[in-house]
Amino acid sequence: MLPYLFKRLLLMVPLLLGITLISFVVIHLAPGEPTDLQTQLNPEVSAELQQRLRAQYDLDQPLMVQYGKWLGRLVRLDFGDSFSQDRRPVTAKIAERLPVTILINVLSIGLILVVAVPIGILSAVRRNSHFDRLTTVFVFVGFATPSFWLALLLMDVLGVRYGLFPIVGLKSLGYDYLSWSGRVFDMAHHLVLPVFVSAFGGLAGFSRYMRANMLEVIRQDYILTARAKGLTEKAVICKHALRNALLPVITILGLSVPGLIGGSVIFETIFAIPGMGKLFYDGVMMRDYPLIMGILVIGAVLTLVGNLLADLGYALADPRIRHS
Amino acid sequence: MNSLNNRIGLFAGLLVLCCLWLVCGCDRRDDNLAGQGKTGPPTAGDTLIIGSGADAVTLLPVLASDGTSGDINGLVYDGLVRYDKDLNIEGELAERWDISPDNLTLTFHLRQGVRWHDGAPFTAEDVLFTYRLLVDPNTPTAYAERYRQVATAEVLDAHTFRVRYLKPLATALISWAFPIHPRHLLEGVEIIKSPLASHPVGTGPYRFVAWQRGEKIVLEANPDYFEGPPYIQRVLYRVIPDPSTMFLEMQSGGLDYMGLTPLQYAMQTDTPAFRRRFRKYHYPAFAYTYLGYNLRRPIFQDKRVRQALSFAIDKQEIIDGVLLGFGQVARGPYKPGSWAHNPEVQQYPYDPQRARTLLAEAGWQDSDGDGVLDRNGQPLAFTIVTNQGNDQRIKAGEIIQRRLSEVGVKVKLRVIEWAAFLKEFINPGNFDATILGWSGGIDPDVYNVWHSSKTGPGELNFIAFHNAEVDQLLEAGRRTFDQGERKRAYDQFQEILAEEQPYTFLYVPESLPVVAARFRGIEPAPAGIMHNFTRWYVPAEEQKYSR
C-alpha cells in the first residue's frame, strides 16, 4: 500500500507542473491585461505611463520568464500579490472567500446525499411505481430549472412577499450586535434559500445514479442468495444491497472534492454571497493572473488529491479491489 | 461590467454620477415629489444604506479607478476644490485661490483648523505630498498625466500652496479636486503596501469604520467636519451584484438608495405602495452613446454618407426602445443644459428620404436591384462592432441595423468581449463602425478624443478624425481660463462636428436613483442629488436605525 501511495504522490508532481504551465500560457493568450481597466480608453493615461504600469507587473518580460518567476514563488508556497489595484496577497483573498464557499458546498452536498440516496433506493426497489415516476419527474424538474430563476422566484415570494427568509448575503446588518446563539440562528436563517437552491439542481444526477446502482446490485446472485436464506426484505436491501450500491458513490464524492472550493458565479451573484465563484470570475475579467493561477493550482491539487482519496477509499471499502 | 465604461477626464471623487449609470423609464408624474409634504427640523441620526453593484477595490484614491471606491473616497476624502450643485467650481479644503494674470500660477489659500480623522492637523505639506505621490514614477496611478504638466509646486506657509504651469491649462484648477492624502501616514511607506488602502484616513464628512469584503463598508459621520457634522450618522454600502436582487432587497426594506434600471423605473416601481415608501429621481447622466465611423475606411470618407446615415437613424426610437424613454437625443459631445453645450447646431431628425437623396448625391445607387446600394460594383455594407455586457448598445445596434437596411445600407453587428474588443478592433483601428459611449467628463476639454494628434494605436481618437480647425479650437479651449472665450471655441467645435458627423450622436441616458422617503433635504440639481448629501436628514420621528 505505502509504495503505491508514494508512487501516486510522486506522479502528481509532473502532472501538476504540466497543468500550471498549460493554464499559465492559456490565460496569457487571452487578449487584455490587468492594467487595461486602469489605462484603456482613459484620456488621463499616456503611452509612457502604460509602459511603466506594465513593467510594475512584469508584463513587459517574456512569458517564460514570468512563468519562471511565478513558479519560483509557488515552490515557496507563495501565490504572489493580486494584480488588482489593492495588491493584496492572493492567499488572503482566497482565505476570506473560502470558508463561505466550503460551508455552502458541504451543506448542499450533505442535503443532496440525505435526500437523493433514499430517493434512489426507493425508486429502484419500487421500480416503475407511482413513487418512482413522481420522484423522477421531481428530480428532473429540479435538474431543468435554471437556478437563477428559481432563486429570484423564491426571493420574491418567500423573501419580499411573506418576509419568511432574508434574501441577501449570509448575515443580517445587526449581526455584530447579536449573541452567539443569535449569530448561529441568523446565519442558518440566511443559508436556507441558497443551500436549497444549490442542492435542488443536484438531486437528479445523484438520485438517478443511486437508482441505477441499486438496480444493478439487486439483480446479482448474492442478493438472490440472501433472499433464499430467508432474510427479511429490509435486511436484504439495507445490509446487502445498499453497501454494494454505495461503492460508486465514493468515486463521486472523491470527484466532488475540488468542487468544494468552486462556487457558482450566477448563484453567488444572485444571493450576494462573496464566494469563490465570484472571486474567480472577477479575477478572469480583470486578467488578475496571480489570483487566477492561485485558484487553478488549488483546484488542480484538490482534483488530484480527490482522485487519490477516491481510489484509496475504494480499496478500503471493497476487499475485491484491495486484494487484486 | 459598469466599471468598464469608457472614461473621459474623470476623478475618483467626482464619480458619484457615473455609478448611478443604470439608466431610465417613462412615468414622469411622481418623479419630482421631492418636496415631500411636512418636514420636521433637520436632526442628526439614522443610517443610509446604499446598494452597490460591486465592492470597492482599494480605498486609496491615488490607486483606485473603480466607481464604488470613488464614491466612498469622495465621502472620506476632500479635494482643494469641488463642483457645486450647478457645476461651478467652489472651494473645499481651499478657502480661496488666486490665478496669476498669465494663467500660469495657481495659489491656494487653505482652510485653517481642518484635522485629519486621526486628529493630526491638515496643512499645505499634505497637498504637496499628494502632488509628489501622483507624479512619482513608482506610484501605479492612472491620474498622473495632468499633474505632470506642473512645473513647480511649493509650500509658501502652512496654509498656502502654489503650483506653476509651463503652459496655461484650463483644467488645471479642477484637477485639484483630487482627494488630498495624509502625509503623516503615507510618507516613507511603499504606497502599494500602505494599510490606508483598506482603512482610509481623510478629512471628509465621513470617517471609515469597517470593511467586510464582498459584503459591506461602513462609514460614520465626522463630528469635526469643517462644514459642520453631517446629519446622517452612518452610511453603509452593501455589495449586491445582481440588479434584480438589489431591487428585491430594496423592496424588503434592506436598502435606502440604489440606481434603478430603466425597466425597474418604468414598470416595477409604479405602485402606490412603492411611491409611499420611496422617491424616484431622474436627470441626465454625464454620458452619451454614439455610433462612430472609422474615417480610414473609404466609404466613410464622404461627409454626405455620414450625414445620410445620421438622417436614416431614428434616435428617439432608440431612446424609447432601449431606455424606455429615459434619455434624450444627443446632438454633440456635451450634456444638454451644461454651459459648453451649443443647441444651435445642425440637427439630424429621422428623415429617410433625405438620407436616400444624400446617398444618391454621393454616387450610391442600387444598380443591381438587390436592395443594397452600390457604387462601382462595391455594395454599401459595413460592420458595427460593440462590446459584450452592455445590452443597451447591442439593442441600439439592432435598431440601427434595421433602419439602415431601409435606406439600402447593409449592416452587420458584431459583439465582442471587452478586452478582445479593445485589443483587436478599437486600438489598432481595425473596425468599420462602433457603438460606444463616453462618460464622466464635466469639463468640456475633449482634446484627447478629437485632436488629430491622438489617433495613434491605443489613443482615443480611434476613428481617425482629422480637422485642422478643430485642432486649433481644442487647443484654444484648453489654454484659456475665460469661460466666455472657451465657450466660443467649443461652440464652433460643436458646429463642425455637427456638420462633419464623424459620430452619429445617439443618446444621453439618465441616472435613475431611488431614495427611501424618510430622507429629506434632497435637492435635484444639474450635479445630481448627492451634491448636498451632508445636509440630508431624517426627521426624528421617522428615524429607522439607532446604531
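**Notebook: salt bridges, helices and a patch**

I began with Asp282(A), which counts as partly exposed because its relative accessibility is 30%. My scale: buried is under 20% relative accessible area, exposed is over 50%, and partly exposed lies in between, with a 1.4 Å probe and protein chains only.

I note that this is a predicted model, where local features need pLDDT of at least 70, side-chain atom pairs count only at pLDDT 80 or more, and totals for chains, interfaces and linings use all residues. Residues are numbered from 1 along each chain as its sequence is written, chains are lettered from A and ligands numbered from 1 in the order in which they are written, and side-chain values use heavy atoms, with hydrogens and water left out.

**Entry: the partner of Asp282(A)**

Which residue forms a salt bridge with Asp282(A)? I found Lys278(A), with the closest N and O atoms 3.1 Å apart. The term salt bridge needs a side-chain nitrogen of Lys or Arg within 4 Å of a carboxyl oxygen of Asp or Glu. Side chains of opposite charge can pair when their charged atoms come close. Lys278(A) and Asp282(A) are four residues apart in helix H13 (residues 276–285) of chain A, so about one helical turn separates them. Helices are DSSP runs of H or I with at least four residues, strands are runs of E with at least two, and both are numbered from the N terminus. Lys278(A) is buried, at 16% relative accessible area.

**Entry: chain B**

I searched the whole structure and got 35 salt bridges over all chains. I looked up Arg306(B) and found a salt bridge to Glu500(B), with 2.9 Å between the closest N and O atoms. This pair links distant parts of the chain, 194 residues apart: Arg306(B) sits in helix H9 (residues 303–312) of chain B and Glu500(B) in helix H16 (residues 483–500) of chain B. Both Arg306(B) and Glu500(B) are buried.

Next I checked Glu406(B) and Arg403(B), whose side chains meet in a salt bridge at 3.0 Å, N to O. Both lie in helix H12 (residues 391–406) of chain B, three residues apart, about one turn of the helix. Glu406(B) is partly exposed at 35% relative accessible area. Arg403(B) is buried at 13%. I also noted one network, in which salt bridges with shared partners join Arg82(B), Glu90(B), Glu92(B) and Glu227(B).

**Entry: chain A overall**

I counted 15 helices and zero strands in chain A. Its C-alpha atoms fill a box of roughly 85 × 60 × 40 Å along the principal axes. Of its 324 residues, 42% count as buried.

**Entry: a nonpolar patch**

Which residues make the nonpolar surface patch of about 410 Å²? I listed Phe148(A), Trp149(A), Leu153(A) and Ile266(A). Patch residues have over 30% relative accessible area and no salt bridge; like charges are joined within 9 Å, and nonpolar side chains (Val, Leu, Ile, Met, Phe, Trp, Tyr) within 5 Å. The areas come from the Shrake-Rupley method with a 1.4 Å probe, and for residues only the protein chains shown count as cover. Helix H7 (residues 147–161) of chain A gives the most to the patch, with three residues. Phe148(A) is in helix H7 of chain A. At 42% relative accessibility, Phe148(A) is partly exposed.
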